[in-house]
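Have the view open beside you and take the points one at a time.

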Amino acid sequence: MEHQKVNGRKQTAEKILKDLSLLEKASLLSQIVWETTEIHHMHGELDKFLLADGPAGIRRLKEYFDKDIYNTKPSTCYPSPGTYASSWNRELLFELGQHMGREARQEEVDTVLAPAVNIKRNPLGGRNFEYYSEDPYLTGELATEFIKGIQREGIGACLKHFAANNQETRRMNICAEIDEETLHEVYLTAFEKPVREGCPRMVMAAYNQVNGEYCASNPMLFGILRKKWGYEGVVVTDCYAAHDLEKGLRHGLTLQMPGESGARIGERVLELVNAGQITEAELDAAVLRNIEMALEAKANRVQGYEYDREKHHAFARRIAEESMVLLKNDGRLLPLKKEEHILVTGELAVNPRFQGGGSSHVNPWKLEIPLEELKKLGTHVGYLQGYRIGGSRAENEMLHQEVLDAAGGYDKIVVFAGIPELIESEGYDRSSIQLPQEQNDLITMLTEQGQRVAVVLANGSVIEMPWREQVPAILESYLGGEAGGSAAAAILFGKVNPSGKLAETFPICLEDNPSHLYFPGNTSTVVYGEGRFVGYKYYDALHKPVAFPFGHGLSYTEFEYQKADTLVDKERLQVRLMLRNSGSQEGKETVQVYVQRKVHQESIYPKKLAGFKKVCLKPGEEQEICIPLDARTFMHYRTDCQEWNMGNGTYEFLVGSSMQDIRLEERVIIGEVPYQISEDSTIGDMIRVPGMYEKLEEAFKNHPVSLEFLRMTRDEDPLKAISMGSLMTLRTLKRTDGTLLDSDIEEIVRWINGQNN
Ligand code: BGC
């Protein structure tokens, strides 16, 4: 049925295309800020097509040409993506997509510019609050569901920013220098599943350059997107990121946002076609995609639709409740009891920090105030300001003293702390990951006084917590959206059992992070020198202590992990175990599977997240948990053949409640994986595969020099064996052995790879 619709649309789009003049076609290549051109043609009208931002809610400008990006219609402000990623809940992300889809429908928006799936490479990244995680697997899983949810409602999703837009500093010109392996295994992996399975209506090309070419006209990136992943939809530039129309169109760009408009774009395209710099067929291919998108949008529009604002607000609360992370709870300080005397302090309790700045900013429909929500649940809740953001030192000292004087009269103190909105926004990176000094001082003084303190943090991404050892309870509420106030209150008073898990590592200090020495680069280039060792992969490989590890998050209940018959079933690609709620309260646990390949003679493979599942268990309930693994679990990107390949070796599986809280382990040996060779494979690597020495001996039988090099690998003299034999590649042999021609190499590669399959 869906297939027929798509075919029908394609045919209509082709008919429309035939009607259009070159100038009309050209006008469809540019978005005028938020909308595409409207065209009257023989087959009726080709409607304009509307966009709006959306990772945290629909940012629909009141007037489409308003330069004030914050003058938007009120909509539900959901928690920020950095927050909802901590839910580790695929179903929730699907539902979130559906909710945003409905809001977009009401606002007559055809495509929502979300999700944003760039990796949190460095804690200073200005848009970290808007991105999901430091891990590409987690990012890809969640973003795919978000896209499916939005598109289930007939509204398009736009996956952004493709690719490697991992910093705000000089984002419009910086060139990210990334080695191929890292690019694929980290930065592109986050996009791959969302593209292949989510099939977003649009992909947005990022501002920056990757390895020497701007993303909007980068042949390598377009090759991967269009050819390897088979993406058929529209590719739009980020705002003002169109650089080279000719190159972009040739490789797969279809829409500039905004680009030249009216007569100017017509003239440009005419020039390019007349000069043969683009063919009419290339132009048609791009325009056709845009027309199909416009037709799809038109077919899905519903006039006069209204969503239920109250229900959407309640859903925003559910997301916040599932996403806030209980980092610490010594001596079960939390949950608070209704009858306890609680002193709430911190300006953020009455003036909440609930979203980040920039294009994801929305005007909340109904903003909750944490203090008011706490007062609804507790009988004795007092408040003192404690600090004023931006206040003078003297003023803050006075506010601190008030709290210190009053604290003795309360059972527990809840400090609301966090980062002011101005510091976390699109457009610039942070300069530090510290809380404002007056907040750190207040927390430290209270612990020194021996008070029973719980800190509630509101920040978009990681911060340093110099007081974390002394404070018994810490709730990371992140940026909780408009209903974050009641969500935090419900967790603090135990009405909701926390179940969020960190989607990023909290390092002890900024300097500990792997990209510290490279970030944000010089005036033109940023080198990704840490390679694949982003976030937890680095801390784990170096056994570096962290403040709170990736995947960490406490509950008010406990879970016991037990092996089922086999933990890892490599044939069915799944992990199975028994999970029991051994505490006295219903709760949710996210079971996480990590895997690490260990191969002698190869550089360290990072430990990586390979699967996860969030489940809810009643007290005493036990359940068999089955976690599907991705085919990529046993694969690595090989630069010599530019493909993902399965690799032999021992795979260590670690299953647990966080990256560091591992409860079950098993080793799996993968021995018989066919090894694909290429012209650049070394003899040493090839002959590690059983039977490969004999195969090469056969292949070289008419090439005596090559045969001699092969035999040297078995020489007693290590210099000969390694340096002269093992390090040679087929390409270097070709230069040395006059009998070995290109055609011989091609045949050897084909023959060995064919035999292996
Ligand atoms: C941002 C995009 C956003 C666009 C439109 C750009 O500055 O990078 O994420 O979708 O503006 O607001």
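1. Let's start with the aromatic rings: this predicted model has 14 aromatic pairs. In one of them, Y137 and F612, the ring centres are 6.0 Å apart and the planes meet at 85°, which is over the 60 degrees needed, so the pair is edge-to-face.

2. Where do Y137 and F612 sit in the chain? Y137 belongs to helix 5 (residues 136-152) and F612 to strand 25 (residues 608-617), and 475 residues separate the two. Y137 counts as buried at 13% relative accessibility, and F612 counts as buried at 1%.

3. Have a look at Y187 and Y528 too, another edge-to-face pair, with 5.1 Å between centres and 75° between planes. Y187 lies in helix 6 (residues 180-198), while Y528 is in the loop between strand 21 (525-527) and helix 16 (536-541), so the pair ties together parts 341 residues apart in sequence. Y187 is buried, with a relative accessible area of 1%, and Y528 is buried at 3%.

4. Back to Y137 and F612: ring pairs link them with W88, Y536, F550 and Y594 into a cluster. The charged end of R90 sits over the ring of F612, 3.9 Å from its centre.

5. Finally, find the open sheet of three strands, ordered 22-23-26 with antiparallel pairing. Strand 22 (559-569) and strand 26 (622-628) are at the edges with a single partner strand each, so one side of each has no neighbour in the sheet. From one strand to the next, the twist averages 25°. Seven bridges join strand 23 (residues 574-581) to strand 26, and M578 stands opposite E624 in strand 26.

Notes. Residues are numbered from 1 along each chain as its sequence is written. This is a predicted model: local features need pLDDT of at least 70, side-chain atom pairs count only at pLDDT 80 or more; totals for chains, interfaces and linings use all residues. Side-chain values use heavy atoms; hydrogens and water are left out. Two strands pair if DSSP finds at least two bridges between them. Helices (H or I, at least four residues) and strands (E, at least two) are DSSP runs, numbered from the N terminus. Axes are lines fitted to C-alpha atoms, for helices over the stretch in contact, and angles run from 0 to 180 degrees between N-to-C directions. Rings of Phe, Tyr and Trp (its six-membered ring) pair if their centres lie within 6.5 Å; planes under 30 degrees apart count as stacked, over 60 as edge-to-face and the rest as tilted. Buried means under 20% relative accessible area, exposed over 50%, partly exposed in between (1.4 Å probe, protein chains only). A charge sits over a ring if NZ of Lys or CZ of Arg is within 6 Å of the ring centre and within 35 degrees of the ring normal.
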